[in-house]
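Here are my notes on the model you sent over. Have it open while you read, as the points go residue by residue in places.

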Amino acid sequence: MISFEALLTHLLNGLAYGLLLFLLAAGLSLIFGMMDVINLSHGSFFMIGGFIGIGLVGVLESFWLALLATVLIVALLGLVVEVALLRPLYYRSHLDQILLTFGLALILEDGAEWIWGTRIQSLRVPEALTGSVEIFGAVVPVYRLAVLAAGVLLGAALWYVLERTRLGSIIRAGVADREMTAALGFNIPVIFAGVFVFGVALAAFAGFMAAPILGVYPGLDFQVLILALIIVVIGGLGSLTGAFWVSLLIGVTQSFGQAYFPAAAAFILYLIMAAVLLLRPEGLFKRRYA
Amino acid sequence: MLELRDVHAHYGSSHILQGVSLRVGAGEVVALLGRNGVGKTTTIRAITGLISVSRGEILFKDTPIQDEPPYRRARMGMGLVPQGRGIYPNLSVREQLLLPPDRNGRWSLQEIYALFPILRERRRHAGDQLSGGEQQMLAIARALRSNPELLLLDEPSEGLAPMMVKRVGEVLQDIKRQELSILLVEQNLSLALSVADRVYIMNKGVIVHECPAAELAQDEETQHRLLGV
C-alpha cells in the first residue's frame with residue numbers, strides 16, 4: 001500500500017526537480033525562439049554551474065556568494081561563446097549550428113572530466129536550509145522547498161518581464177520578426193547576446209541549485225539537456241508557458257516513475273513525447289511568448 | 001531627404017538592383033511603381049538596410065548610410081511599413097505602438113489614437129486578432145510612432161478590400177499634410193497617383209521613367225507600356 005505521505009513527498013520532490021528543469025528549458029526555449037538556434041551546449045552550462053559552484057563554495061565559504069559568483073562567471077563564459085562562436089553562424093543552416101553547439105558540448109564535457117574528474121561530487125546544503133519539515137505528515141527536506149520557491153519566483157519574474165515590460169515586448173517582437181524589429185530601431189545582435197547570456201545564466205543557476213540534489217558529474221550535462229529538449233518539444237517550441245507546465249509534468253513523472261516503476265521511468269517520458277508528437281506535432285502549447 | 005545613386009544589390013547570384021538612382025525631397029511624396037518582380041521591394045530593403053548594397057551610395061539627410069545597420073538608420077528617422085505589414089502576432093496593439101524607440105515628435109499615443117480610433121478600440125487585442133485593414137492601420141501607426149522624417153511604405157493597399165484601400169488613401173493624405181517625406185511603393189495606380197507628387201517607374205532593376213504624378217495620370221500610353229494597366 002502506497003501511503004499518502006510518501007505520495008506527497010514524491011510529488012514535492014518531483015515539482016522541485018521539474019522547476020530546476022524549467023529554468024534550463026526556459027533558456028533553451030528562449031534562445032531557440034529568438035535566434036532560431038538549438039543550443040545543444042545548454043546542458044553543459046548547467047553542469048559547469050554545478051562544478052564551479054562546488055569549487056567556489058570551498059573557496060568563498062559561503063553558499064550564497066558562491067551562487068552569485070558562479071552565475072556571473074558562467075554568464076561571462078556564455079558571452080564569449082555567443083560573440084566568438086555563435087554569432088558568425090546565425091545566418092547559417094541549423095545543421096551547422098547543431099554541429100557547433102554539439103561539438104562545444106563534447107569539449108566542455110571532456111574539459112570538465114579533465115579538470116574535475118569523473119567522480120560524482122556533491123554540494124552541501126547551506127546551514128540555513130538543512131533539515132526537513134513535516135507537511136501533512138510527509139517529511140520534506142527544507143532545501144527542496146527552497147528550490148521550489150526559487151523556481152516559482154524566477155518563473156514568475158521571467159513571465160512578468162516578458163509579458164509586462166517594454167524589454168519583454170522588444171524580446172517578443174524579436175522572436176516574432178527579427179527584420180521588422182531591426183527596422184524599428186533595435187540592435188538585434190545585442191539583444192540576441194543579452195538573451196543568450198541570460199539563458200546561460202539561468203542554466204548555471206539551475207545547475208548550482210541542483211548540485212545538492214542531483215550531484216555533479218560529467219554526463220549530467222547530456223542527461224539534463226535531453227530532458228530539456230523533451231520539455232521544449234512537448235511544450236511547444238518557443239512557448240514559455242508550455243515549457244513551465246511540461247517541466248512540472250516531467251519532474252513529477254520522473255519522481256514517481258523512479259519510486260514506483262524504476263525500470264519504466266525513462267520509457268514513460270519518451271512515450272509521452274511520442275504521443276504528443278503524433279497527436280499535436282506543434283506541441284501542447286502554441287508558440288507564443290510567453 | 002533621401003537619395004540613391006547607382007545602387008546595386010544581389011539576392012544570392014541574381015542581380016536584382018542594377019543601378020537605381022532616385023531622390024525624395026523634404027516634404028515630398030514620391031511613388032515607386034512598376035510590375036511585380038522589378039525590384040521595388042528590394043529598393044525599400046536596400047534603403048532600410050535589410051539587404052546590403054553591393055555598389056552605389058544611399059544618402060539620408062545628406063549622410064551616406066549604405067554601411068549603417070538597419071537599427072541605426074531607423075533611429076536617424078526612417079519609418080518602415082513593410083510588405084506584408086510586419087505585424088507581430090504575439091504583441092497587443094498597444095504594445096506594438098509603444099515599441100518604437102523614443103524620438104521626440106508629435107506622434108504621441110494620443111495623437112495616434114485620434115487619427116486611428118479603431119486602434120484605440122482594439123488596443124488590447126493581439127496582432128493576429130486584427131483584420132487585414134486594421135493590421136495595415138497599425139503598421140502605419142507604428143511607423144509614425146517613431147516620428148520619422150522619411151516614411152517608407154511597401155504596398156500598403158495589398159490584400160485589402162476596396163473600402164479599406166480608400167481608408168489607406170485618406171490616411172496617407174492626412175500624413176502628407178504633416179510635411180513628412182514619403183516613398184510609396186504601390187501596385188494600386190489610382191491610390192498612388194492620388195497622393196504622390198512625383199513618380200518613378202522601375203523595370204528590371206533600374207528606373208526607366210520619372211515624371212510628375214499629374215503627368216502620368218494623363219499618359220495612358222506609358223501606363224500601358226510600363227505598368228501593364
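This is a predicted model: local features need pLDDT of at least 70, side-chain atom pairs count only at pLDDT 80 or more; totals for chains, interfaces and linings use all residues.

1. Local features are discussed only where pLDDT is at least 70, and side-chain atom pairs count only at pLDDT 80 or more.

2. Overall build of chain B. Chain B has 10 helices and 10 strands. If you take the contacts in chain B with a separation of 6 or more, 68% of them join residues 24 or more positions apart.

3. The four-stranded sheet of chain B. This one is open, with antiparallel pairing, and the strands run in the order E2-E1-E4-E5. The edges are taken by strand E2 (14–24) and strand E5 (63–64) of chain B; each has a single partner strand, so one side of each has no neighbour in the sheet. Further in, strand E1 (residues 2–11) and strand E4 (residues 53–60) of chain B are joined in the antiparallel sense by 6 bridges. To find your way on screen, look for B:His8, which sits opposite B:Arg55 in E4(B). Helix H1 (residues 40–48) of chain B packs on this sheet and touches E1, E2 and E4 of chain B. The direction of that helix makes about 70 degrees with that of E2(B).

4. The six-stranded sheet of chain B. Here the sheet is open too, but the pairing is mixed, and the order reads E6-E7-E8-E3-E9-E10. Strand E6 (78–81) and strand E10 (206–212) of chain B are the edge strands; with a single partner strand each, one side of each is left without a neighbour in the sheet. On average, neighbouring strands of this sheet are turned by 15 degrees against each other, ignoring direction. E7(B) and strand E8 (residues 181–185) of chain B run parallel and are linked by 5 bridges.

5. Two backbone angles to look at. Most residues other than glycine have a negative phi. B:Asn147 has a positive one, near 50 degrees. B:Asn147 lies in the loop between helix H6 (132–145) and strand E7 (150–154) of chain B, and it is partly exposed because 18 other C-beta atoms lie within 10 Å. A:Glu61 also has a positive phi, near 55 degrees. A:Glu61 is in the loop between helix H2 (42–60) and helix H3 (63–86) of chain A. With 9 other C-beta atoms within 10 Å, A:Glu61 counts as exposed.

6. The annotated spans of chain A. The unreviewed UniProt entry lists several stretches of chain A as "transmembrane region", including residues 15–33, 136–162 and 222–252. In the model, residues 136–162 of chain A are 78% helix and 15% strand, with the end C-alpha atoms 36 Å apart. Residues 222–252 of chain A are 87% helix and 0% strand, and there the end C-alpha atoms lie 20 Å apart.

7. Is A:Gly14 buried or exposed? It counts as buried, because 23 C-beta neighbours lie inside 10 Å and the cut-off is 20 or more. A:Gly14 sits in helix H1 (residues 4–35) of chain A. Beyond its neighbours within four places in sequence, A:Gly14 is in contact with A:Gly251, A:Val252, A:Gln254, A:Ser255 and A:Phe256. A:Val142 is 128 residues from A:Gly14 along the chain, and their C-alpha atoms are separated by 14 Å.

8. Where the chains meet. The contact involves 17 residues of chain A and 19 residues of chain B. On the chain A side, helix H6 (166–176) and helix H7 (178–183) are the elements that give two or more residues. H6(A) supplies the largest share, 6 residues. By class, the chain A side has 9 nonpolar, 3 polar and 5 charged residues.

Technical notes. Residues are numbered from 1 along each chain as its sequence is written. Chains are lettered from A and ligands numbered from 1 in the order in which they are written. Two residues are in contact if their C-beta atoms, placed from the backbone, lie within 7 Å. Ala, Val, Leu, Ile, Met, Phe, Trp, Tyr, Cys and Pro count as nonpolar, Asp, Glu, Lys and Arg as charged, and the others, Gly among them, as polar. A residue is buried if 20 or more other C-beta atoms lie within 10 Å of its own, exposed if 12 or fewer, and partly exposed in between; C-beta atoms are placed from the backbone. UniProt positions are given in the numbering used here, feature names are shortened, and annotations may be inferred rather than shown by experiment. Two strands pair if DSSP finds at least two bridges between them. Axes are lines fitted to C-alpha atoms, for helices over the stretch in contact, and angles run from 0 to 180 degrees between N-to-C directions.
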